[in-house]
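Please keep the structure in view while reading.

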Amino acid sequence: MNVAEIQKTTEQKMLKSVDALKADLSKIRTGRAHTGLLDHIQVDYYGSMVPLSQVSQVGLGDARTITVQPWEKKMIPVVEKAIRESDLGLNPATTGDIVRVPMPVLTEQRRKELVNVVKHEGEAAKVAIRNLRRDANHHVKELLKAKTISEDDDRRAEETVQKLTDRFVGEVDKIVADKEKEVLTV
C-alpha cells in the first residue's frame with residue numbers, strides 16, 4: 001500500500017463515520033414526524049424478519065403523525081406490535097386498515113436529554129475519525145520504517161491526513177449543531 005492509497009482509504013472510512021453519525025441522528029425524535037424514524041423497525045413476516053417498508057407503505061398523515069398502511073390486512077396487529085416494542089417509545093393506534101403513529105410532544109427536560117445524546121453521538125464520531133487518523137499515520141510510519149518513502153513524504157502524508165481529520169471533525173460539529181438546533185426548536 002502506498003501513501004495515496006492510505007489517504008484514499010482513510011478518507012472513505014472517515015466519510016462512512018460521518019454517514020453513520022447522520023443515520024444515528026436521524027433516529028432521534030424531534031417532535032416532528034418523518035418516515036425515516038421507522039426505517040430500522042423489523043416486522044415478523046411469515047417467520048422471517050423484514051424491514052417495515054417491505055410489508056407496508058409508510059407516509060406522513062400530518063406534521064405530527066406517521067401513517068403505516070400494511071399491504072395485507074392480517075399484518076396490521078404485527079406492524080402495530082413491532083412499532084410499540086421498538087426503542088422509539090411510540091404508541092401506534094389502528095384506524096381501519098391504517099396504523100397511525102402520533103409523535104408525542106417533547107418536554108423541555110426531554111429536549112435537553114436529547115441534546116446530550118446528540119453531543120455524545122457527535123463525540124463518538126469524532127473519536128472514530130481520530131482513530132482513523134492514528135491508523136493512517138501508523139501505516140505511513142511503517143512505510144517510512146521499510147524505507148519505501150522519505151521523511152519528507154512522511155511529513156506531507158501526516159499533514160494531509162490531519163487536514164482530512166480537521167475537515168471531517170468540522171463536518172461532524174456542523175451536523176451536531178444543526179441537530180441540536182432542530183431538537184431545541186419547539
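The expected span of a helix is taken here as 1.5 Å times one less than its number of residues. By that rule helix H3, which covers residues 108-145 and so has 38 residues, would be expected to span 56 Å, and the distance from its first C-alpha to its last comes close to this at 55 Å. The model is predicted, and its secondary structure amounts to four helices and six strands.

**Fold and overall dimensions**

- Followed along the sequence, the elements come in the order α-β-β-β-β-α-β-β-α-α.
- The chain has a radius of gyration of 22 Å, whereas a compact globule of 186 residues would have one near 16 Å.
- Taken along the principal axes, the box filled by the C-alpha atoms is roughly 70 × 40 × 20 Å.
- Of the 186 residues, 37% count as buried, and among contacts between residues at least 6 apart in sequence, 66% join residues at least 24 apart.

**Helix H3 and its packing on H4**

- After H3 comes Lys147, a residue with a positive phi, near 60 degrees.
- The axes of H3 and H4 cross at roughly 170 degrees and come within 10 Å; because angles over 145 degrees count as roughly antiparallel, H3 is roughly antiparallel to H4.
- Sorted by class, the residues in the contact of H3 with H4 are 16 nonpolar, four polar and 11 charged.

**Helix H1 and its packing on H4**

- Helix H1 (residues 3-26) packs against helix H4 (residues 151-184) at an angle of about 10 degrees, and their axes are 10 Å apart; the two helices are therefore roughly parallel to each other.
- On the H1 side the contact includes Val3, Gln7, Met14, Val18, Leu21 and Leu25, and on the H4 side the residues include Ala157, Val161, Leu164, Phe168, Ile175 and Lys179.
- The contact of H1 with H4 is made up of 13 nonpolar, four polar and five charged residues.

**Pro70 in strand S4**

- Strand S4 (residues 65-70) contains Pro70, which has a relative accessible area of 8% and is therefore buried, the cut-off being under 20%.
- Once neighbours within four places in sequence are set aside, Pro70 is in contact with Val55, Ser56, Met75, Ile76, Val79 and Asp97.
- Gln54 lies 16 residues from Pro70 along the chain, and the C-alpha atoms of these two residues are separated by 9.0 Å.

Key. Residues are numbered from 1 along each chain as its sequence is written. This is a predicted model: local features need pLDDT of at least 70, side-chain atom pairs count only at pLDDT 80 or more; totals for chains, interfaces and linings use all residues. Side-chain values use heavy atoms; hydrogens and water are left out. Axes are lines fitted to C-alpha atoms, for helices over the stretch in contact, and angles run from 0 to 180 degrees between N-to-C directions. Angles under 35 degrees count as roughly parallel, over 145 as roughly antiparallel, 65 to 115 as roughly perpendicular and the rest as oblique. Contact means heavy atoms within 4.5 Å. Ala, Val, Leu, Ile, Met, Phe, Trp, Tyr, Cys and Pro count as nonpolar, Asp, Glu, Lys and Arg as charged, and the others, Gly among them, as polar. Buried means under 20% relative accessible area, exposed over 50%, partly exposed in between (1.4 Å probe, protein chains only). The radius of gyration is taken over C-alpha atoms; the globule rule is 2.2 Å times the number of residues to the power 0.38.
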